[in-house]
Amino acid sequence: MSALPRAPSVQAAPAASGRDAMPDDQLMLAYARGDAAAFDVLYARHEGGLFRFVKRLLGARLAAQADEVFQDTWVRIISARDSFSPQGATWRTWAFTIAHNLAMDRLRVSGREVTLDAHATDDGGDAVPALDRGVLGATDFSAHPSAEELAFWRAAGRRLLACLDELPAEQRAAFLLHHEDGLTVDALAARLEIGFETVRSRLRYGLQKLRGCMERYLSVLEQRA
């Protein structure tokens with residue numbers, strides 16, 4: 001990926017260890033004042049989560065465009081650094097909303113039909129515990145899982161990503177912002193500029209579809225309970 005632009009450094013920056021301890025909002029404000037290293041910390045802190053969010057939101061059919069949307073998101077963040085205000089949403093919510101809007105624009109332009117592509121659901125092999133909590137409920141991972149348990153959860157994670165890709169884009173976006181980024185229904189309605197009941201409906205129907213799609217794994221968990 002090409003290097004992202006940086007604002008020129010115009011003042012002495014705090015020590016690296018100090019930046020590492022700074023909240024996201026303060027890092028963004030420091031970057032807006034010219035501390036380019038503050039942006040490096042912010043980027044390293046959220047690179048993985050933001051890319052996974054974009055990739056899951058775009059789905060399997062548009063997965064090849066995830067890098068471009070991810071890059072565009074950071075360019076927008078950089079361009080808007082002077083207008084960021086911690087009195088509004090948190091930096092993470094603000095950044096994820098930018099990513100959401102760009103991804104949804106790409107989905108609308110593509111005219112994408114939501115279909116299942118079981119061969120394009122792997123998310124780099126990493127677990128999806130945030131998504132698991134939303135669909136499967138609280139899960140109890142043992143400190144030393146057996147090979148059988150690991151295989152089960154890896155298969156469940158791959159299936160969950162495939163099920164997520166079957167959702168309509170609006171339901172998938174609401175689910176990800178709610179369960180992955182932790183936005184409340186009120187916050188979702190405000191950030192997406194849609195009605196409270198519309199958000200609730202998208203979350204409810206999305207979760208119902210995901211649970212139906214994950215029925216085989218849910219039945220195994222119920223037997224273990």
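Visitor: Why is Glu-197 called partly exposed?

Guide: Glu-197 has a relative accessible area of 48%. Buried means under 20%, exposed means over 50%, and partly exposed covers what lies in between (1.4 Å probe, protein chains only), so at 48% Glu-197 counts as partly exposed. Bear in mind that this is a predicted model, where local features need pLDDT of at least 70, side-chain atom pairs count only at pLDDT 80 or more, and totals for chains, interfaces and linings use all residues. Residues are numbered from 1 along each chain as its sequence is written, and side-chain values use heavy atoms, with hydrogens and water left out.

Visitor: What makes Arg-200 and Glu-197 a salt bridge?

Guide: Their closest N and O atoms are 3.7 Å apart. A salt bridge needs a side-chain nitrogen of Lys or Arg within 4 Å of a carboxyl oxygen of Asp or Glu, so this pair qualifies. Both residues sit in helix H10, and because they are 3 residues apart, about one helical turn separates them. Helices here are DSSP runs (H or I, at least four residues), numbered from the N terminus. Arg-200, at 39% relative accessibility, is partly exposed as well.

Visitor: How many salt bridges does the whole structure hold, and which residues are joined into one network?

Guide: The search finds 6 salt bridges. Shared partners link Glu-68, Asp-72 and Arg-106 into one network. Arg-106 meets Glu-68 at 3.6 Å, N to O, and the closest N and O atoms of Arg-106 and Asp-72 are also 3.6 Å apart.

Visitor: Which parts does the Arg-106 and Asp-72 pair tie together?

Guide: Asp-72 lies in helix H4 and Arg-106 in helix H5, so that pair ties together parts that are 34 residues apart in sequence. As for accessibility, Arg-106 is buried at 19%, while Glu-68 at 45% is partly exposed and Asp-72 at 30% is partly exposed too.

Visitor: Why is H8 called roughly perpendicular to H10?

Guide: The axes of H8 (residues 169-180) and H10 (residues 196-213) cross at roughly 95 degrees and come within 8 Å. The axes are lines fitted to C-alpha atoms over the stretch in contact, with angles running from 0 to 180 degrees between N-to-C directions. Under 35 degrees is roughly parallel, over 145 roughly antiparallel, 65 to 115 roughly perpendicular and the rest oblique, which means that H8 is roughly perpendicular to H10.

Visitor: Which residues of H8 and H10 meet?

Guide: Contact means heavy atoms within 4.5 Å. Among those in contact, Phe-175 and His-178 belong to H8, and Leu-203 and Tyr-205 to H10. By class, the contact has 6 nonpolar, 3 polar and 3 charged residues. Here Ala, Val, Leu, Ile, Met, Phe, Trp, Tyr, Cys and Pro count as nonpolar, Asp, Glu, Lys and Arg as charged, and the others, Gly among them, as polar.

Visitor: Where is Glu-193 found, and is it buried or exposed?

Guide: Glu-193 sits in the loop between helix H9 (185-192) and H10. Its relative accessible area is 73%, so Glu-193 is exposed. Glu-193 also has a positive phi of about 55 degrees, although it is not a glycine.

Visitor: What makes Arg-216 exposed?

Guide: Arg-216, in helix H11 (residues 215-224), has 59% relative accessibility and so counts as exposed. Arg-216 and Ala-156 are 60 residues apart in sequence and 9.3 Å apart in space, C-alpha to C-alpha.

Definitions and conventions: Helices (H or I, at least four residues) and strands (E, at least two) are DSSP runs, numbered from the N terminus.
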